[in-house]
Amino acid sequence: MEFMISDEFLGTVAPLVVYWVYSGFYVLFGSNEKYRLHSKKEEDAKNLVSKRDVVKGVLLQQAIQSVVAIILFTVTGSDESPTTNGDHSLFDLGRQFLIAMVVLDTWQYFMHRYMHQNKFLYRHIHSLHHRLVVPYAYGALYNHPLEGLLLDTIGGALAFLLSGMSPRASIFFFSFATIKTVDDHCGLWLPGNLFHIFFRNNSAYHDVHHQLYGTKYNYSQPFFVVWDKILGTHMPYALEKRENGGFEVRPVKVVKDD
């Protein structure tokens, strides 16, 4: 008897598995100070939440994410047969990926920025994510469940619907988006990292946002920096080597408090 795994099931589960596998890869490098944007000592001193609570928070968000994905796939359905479901040209797939990236970036920029500007939302919801002053890989999705639903899950649903991608294409897109999000929060600067070569929105760029001087800047995530540049919230940075190993991200313009 042939055992078939549906694209909808893989589209739901694959990003979850990718998240922990890819995070585990970065955990191995995190013990080496020469790749870190903050020292291990600084991570332990500055972060305001235990790693146990971070894991619990991420698992809760992934559970909510899975439920929404199942509902989304059930409601939208698929009229394509198994033999034609993946029969799209590379141009079509590239177009869908690009649209999905733009939609996700746009949604997350404005929602993320509003959560900083609205004092109630920041204090009661978004500040949870900023308990990680020194980000690390598997803390990428650590946030308030409502924020996870609004920013990540609904943003992902809109990207899926507006791009017109199939459940099969979504397996690859959301796995890629998950890897990119983990990379942005990994707190490392590894030589030869392709994300740092092809994307200006990277681990150093997002590290700026997690620091006290940068909370009003670099809202863009997870792919491009376009909205930050258009709307004046872009914070350029310099990457300097620390004497004791690793790197330090420094802003290259004066920050003025409002």
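Trainee: Where is proline 222 found in this model?

Mentor: Proline 222 is in the loop between α9 (203-210) and α10 (226-230), helices here being DSSP runs of H or I with at least four residues, numbered from the N terminus. Bear in mind that this is a predicted model, where local features need pLDDT of at least 70, side-chain atom pairs count only at pLDDT 80 or more, and totals for chains, interfaces and linings use all residues. Residues are numbered from 1 along each chain as its sequence is written, and side-chain values use heavy atoms, with hydrogens and water left out.

Trainee: What is the omega of the peptide bond that joins glutamine 221 and proline 222?

Mentor: Omega is about -5 degrees, and the bond is cis. Most peptide bonds are trans. That loop between α9 and α10 also holds asparagine 218.

Trainee: What makes the phi of asparagine 218 worth a mention?

Mentor: Phi there is near 55 degrees, positive in a residue that isn't glycine. Most residues other than glycine have a negative phi.

Trainee: On to the helices. Why are α1 and α7 called roughly parallel?

Mentor: The axes of α1 (residues 7-30) and α7 (residues 167-184) cross at roughly 20 degrees and come within 8 Å. Axes are lines fitted to C-alpha atoms over the stretch in contact, with angles from 0 to 180 degrees between N-to-C directions. Under 35 degrees counts as roughly parallel, over 145 as roughly antiparallel, 65 to 115 as roughly perpendicular, and the rest as oblique. So α1 and α7 are roughly parallel.

Trainee: Is the crossing of α1 and α7 left-handed or right-handed?

Mentor: Right-handed, a label for a near helix turned clockwise from the far one by less than a right angle.

Trainee: Which residues of α1 and α7 meet?

Mentor: From α1 they include Leu10, Ala14, Val18 and Tyr22, and from α7 they include Ile171, Phe174 and Thr178; contact means heavy atoms within 4.5 Å. The contact residues split into 12 nonpolar, 5 polar and 4 charged. Ala, Val, Leu, Ile, Met, Phe, Trp, Tyr, Cys and Pro count as nonpolar, Asp, Glu, Lys and Arg as charged, and the others, Gly among them, as polar.

Trainee: How do you know that α4 is roughly antiparallel to α6?

Mentor: Their axes are 8 Å apart, at an angle of about 155 degrees, which makes α4 roughly antiparallel to α6. This crossing is right-handed. Among the α4 residues in the contact are Trp107 and Met111, and Leu151 and Leu158 are among those of α6. That contact comes to 13 nonpolar, 6 polar and 3 charged residues.

Trainee: And what makes α4 oblique to α7?

Mentor: The axes come within 11 Å and cross at roughly 45 degrees, so α4 is oblique to α7. By class, it has 10 nonpolar, 1 polar and no charged residues.

Trainee: How many cavities of 30 Å³ or more does the structure hold?

Mentor: There is 1. A cavity is a set of points on a 1 Å grid over the protein atoms alone where a 1.4 Å probe fits but cannot get out, and lining residues have an atom within 4 Å of a point. The largest cavity has a volume of about 610 Å³, meaning the space filled by probe spheres set on the points.

Trainee: Which residues lie nearest the centre of the largest cavity?

Mentor: Gln65, Asp152, Thr153, Gly156 and Phe174, out of 36 lining residues. The elements giving two or more residues to this lining are α1, α3 (51-76), α4 (90-117), α6 (145-163) and α7. The lining has 16 nonpolar, 17 polar and 3 charged residues.

Technical notes: 1 Å grid on protein atoms, 1.4 Å probe; cavity = no way out; pocket = protein on both sides within 12 Å on 5 of 7 lines; lining within 4 Å.
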